[in-house]
Amino acid sequence: MAWDFSTEPEFEEKLEWIRRFRAERVDPLDLLHPDRAYHPLDDETGPIVRALRQQVRDQGLWAPHLGPELGGRGFGQVKLALINEILGASSWAPVVFGTAAPDTGNAEIIARYGTEEQKERYLRPLLEGECFSCFSMTEPQAGADPTMFTTQAVRDGDDWVITGRKYFSSNARTSKFVIVMAVTDPDVSPYKGMSMFLVPSDTPGIRMERNVGLLGEGPEDGMHALIAYDGVRVPGDALLGGEGQAFAIAQTRLGGGRVHHAMRVVGQCRRALDMMAERALSRETQGSRLADKQLVQADLADSYAQLTQFRLMVLYTAWQIDRYNDYKRVRKDIATIKFLTPKVLHDVVYRSMHLHGALGVSNEMPFADMWTGAAVMAVVDGPTEVHKITVARDLLRGYEATPGLWPTQHLPARREWARKQLENM
C-alpha cells in the first residue's frame, strides 16, 4: 500500500493549527526582527519567543523530529516533511518549534550516539531551547571532500588534543558547544579514521578567526565561523560515539536533514508562487492583466509543475525512510532531492521576482533572501555535483553493459528475436 496523500484527521488538524499559528504569531517576528532568529534571546525577543514555544509545547509539537523517549512525538519523516513545509516559509518558525538547523541534526546524533552524561549536559539544553549548537565539519582547504580533512585529535594520556581549522561552522558565534569532526587515525582510510567530539564553545584554544556572512550580509552579521582549534584539550569522554565512527554519525545526521531542508524549500516556493499569482492578477500593462499574457501563463504553469513534482518526490523519499528505516537504502533518492532543491528554489523564486519588476529586486519584497537561499542550498551538505554523482553511480548499479556489439534494444536483432518467438508458438 502506498501513502494515499492524506494523513489521519487528528494530524490534519495539527497542520492547520501550525499554519494559523505561524501566519498569525510567528510571521510578525520575521517582519520586525528578521536577522535575530539565531541569536540568544534578549529582553525584547525572549518573552515573546518563550510564550510562543509554550503554546507549541501545549500542542505537543515541540521538537517533533524526536522520538517519544526524548519528548517528541515520533511522527516519522512524512509527517515531519509536512510540518517543515509550513515552517519553511519563516526564518523564526524553526526556532519557535525546536526544529532549527543545525540543532535538529545535532540533537539526533547525540540522542543516538551520546552517553547518558552527554545527553544530560548537551542534549537536554538543546531540547529545552536553552541554547544553540554548532556542527564544525568543513575545512577551508578541503571543500566538499572530507577525505582531505587535516584537523587532528591526538591522544594525550586520558585526553584528546584537537588542532586544525574549520570553515563555515554554522551558528558557532552563538553556540554553547560545537561538534567537531577530526582525524584520529591518519594511517587508515578516512572513512574509518575520523571521530567526533563534543566541545564547549568556551574551551581554551578555540579561536574564532572571523564570522563569515552570506551573500548580501554585512561584515558584522556573519553566523558561519572560520574556527582555529589551537591545541584544544578535551577529556576522553568528549568522544561522541566510538572512535572512528564520524562518517557513520555524519550520514545519520545528514540523511533526514536533507528531507527537512527540501520541504522547507517547498514552503518557500509555495510562498513565491502565491506572490507570483497575486501579481499576475493585480497588474496591467499594454491593455491587459499580466495574467492574460501567455508568457506569464507559461511561467506560472512551469512553476506549478516544477514545484508539484518536487514536492511529491520529497514526500516519496520521506515515505521510503519511514517504511524501510534505512537511510542507505534510500540514498539515491535523498541525493536526488538534494540536488533538485536549489534548482527548484532558484527557478520558482526567480520567475516570481522577475514578474514583480523593479519592486521584486528591491528591499521592499522578500525575494533577495529567498533567491540567495538557492545558492546556499546548492553547496551546504555537499554540493549539487557530488549528489548527482551519487545518484548516477547508484543508478548504474542496477544495469549491465551489453554483452555484444549492438545495444539490447537494437531493432534488427529485436525483429529477429520476434520472428523466432512467433515461429515457436
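User: Hi! Which residues are buried in helix 3?

Analyst: In helix 3, the buried residues are Gln77, Val78, Lys79, Leu80, Ala81, Leu82, Ile83, Asn84, Glu85, Ile86 and Leu87. Buried means under 20% relative accessible area, exposed means over 50%, and partly exposed is in between (1.4 Å probe, protein chains only). Helices (H or I, at least four residues) and strands (E, at least two) are DSSP runs, numbered from the N terminus.

User: How many of its residues does that make, for helix 3?

Analyst: Helix 3 spans residues 77-87 and is mostly covered, with 11 of its 11 residues buried.

User: What should I know about the model itself?

Analyst: This is a predicted model, where local features need pLDDT of at least 70 and side-chain atom pairs count only at pLDDT 80 or more, while totals for chains, interfaces and linings use all residues. Residues are numbered from 1 along each chain as its sequence is written, and side-chain values use heavy atoms, with hydrogens and water left out.

User: Thanks. On to cysteines: how many disulfides are there?

Analyst: The count comes to zero disulfides, taking a disulfide as a pair of cysteine sulfur atoms within 2.5 Å. Cys131 is in no disulfide, and the nearest cysteine sulfur to it, that of Cys134, is 12 Å away. Cys134 is in no disulfide either, its nearest cysteine sulfur being that of Cys131, 12 Å away.

User: Is Cys134 buried or exposed?

Analyst: Cys134 counts as buried because its relative accessibility is 0%. Cys131, at 12% relative accessibility, counts as buried too.

User: And where does Cys269 sit?

Analyst: Cys269 is in helix 7 (residues 246-282). Its relative accessible area is 0%, so Cys269 is buried. Leaving aside residues up to four places away in sequence, Cys269 touches Leu307, Val344, Leu345 and Val348; contact here means heavy atoms within 4.5 Å.

User: How many aromatic pairs are there?

Analyst: The count is 10 aromatic pairs. Rings of Phe, Tyr and Trp (its six-membered ring) pair if their centres lie within 6.5 Å; planes under 30 degrees apart count as stacked, over 60 as edge-to-face and the rest as tilted. One of them is Tyr167 with Phe168, a tilted pair at 5.9 Å centre to centre with 50° between the planes. Tyr167 counts as partly exposed because its relative accessibility is 29%, and Phe168 is partly exposed at 25%.

User: Which pair links distant parts of the chain?

Analyst: Tyr350 and Trp371 form a tilted pair, 5.7 Å centre to centre and 40° between the planes. Tyr350 is in helix 9 (residues 331-355) and Trp371 is in helix 11 (residues 367-377), so the pair links distant parts of the chain, 21 residues apart. Tyr350 is partly exposed, with a relative accessible area of 36%, and Trp371 at 34% is partly exposed as well.

User: What charge sits over the ring of Phe11?

Analyst: That's the charged end of Lys79, 5.0 Å from the ring centre. The rule asks for NZ of Lys or CZ of Arg within 6 Å of the ring centre and within 35 degrees of the ring normal. Arg57 also lies over a ring face, that of Trp62, at 4.4 Å from the ring centre.

User: Switching to the inside: which residues touch the most other members of the largest nonpolar core?

Analyst: Those are Phe97, Ile179 and Met196, in a core of 84 residues. A nonpolar core is a set of buried Ala, Val, Leu, Ile, Met, Phe, Trp, Tyr and Cys residues joined through side-chain atoms within 4.5 Å. Helix 7 gives the most to this core, with 13 residues. Apart from it lies another core of 18 residues, among them Trp160, Val180, Ile206 and Val232.

User: What does Phe97 touch?

Analyst: Not counting residues up to four places away in sequence, Phe97 touches Trp17, Ile18, Phe21, Val56, Leu61, Trp62, Ala63, Pro64 and Leu87. Ring pairs also link Phe97, Trp17 and Phe21 into a cluster.

User: Last topic: how many of the residues of strand 5 are buried?

Analyst: Seven of the seven residues of strand 5 (residues 194-200) are buried, so it is largely enclosed by the rest of the structure. Met194, Met196, Leu198 and Pro200 point one way from strand 5, with Ser195, Phe197 and Val199 pointing the other way. In general, side chains alternate between the two faces of the sheet in a regular strand.

User: Which strand pairs with strand 5 over seven bridges?

Analyst: Strand 4 (residues 175-183) does, in the antiparallel sense, where pairing needs at least two bridges found by DSSP. Ala182 has Ser195 of strand 5 as its bridge partner. Strand 8 (residues 239-240) also pairs with strand 5 in the antiparallel sense, over two bridges.
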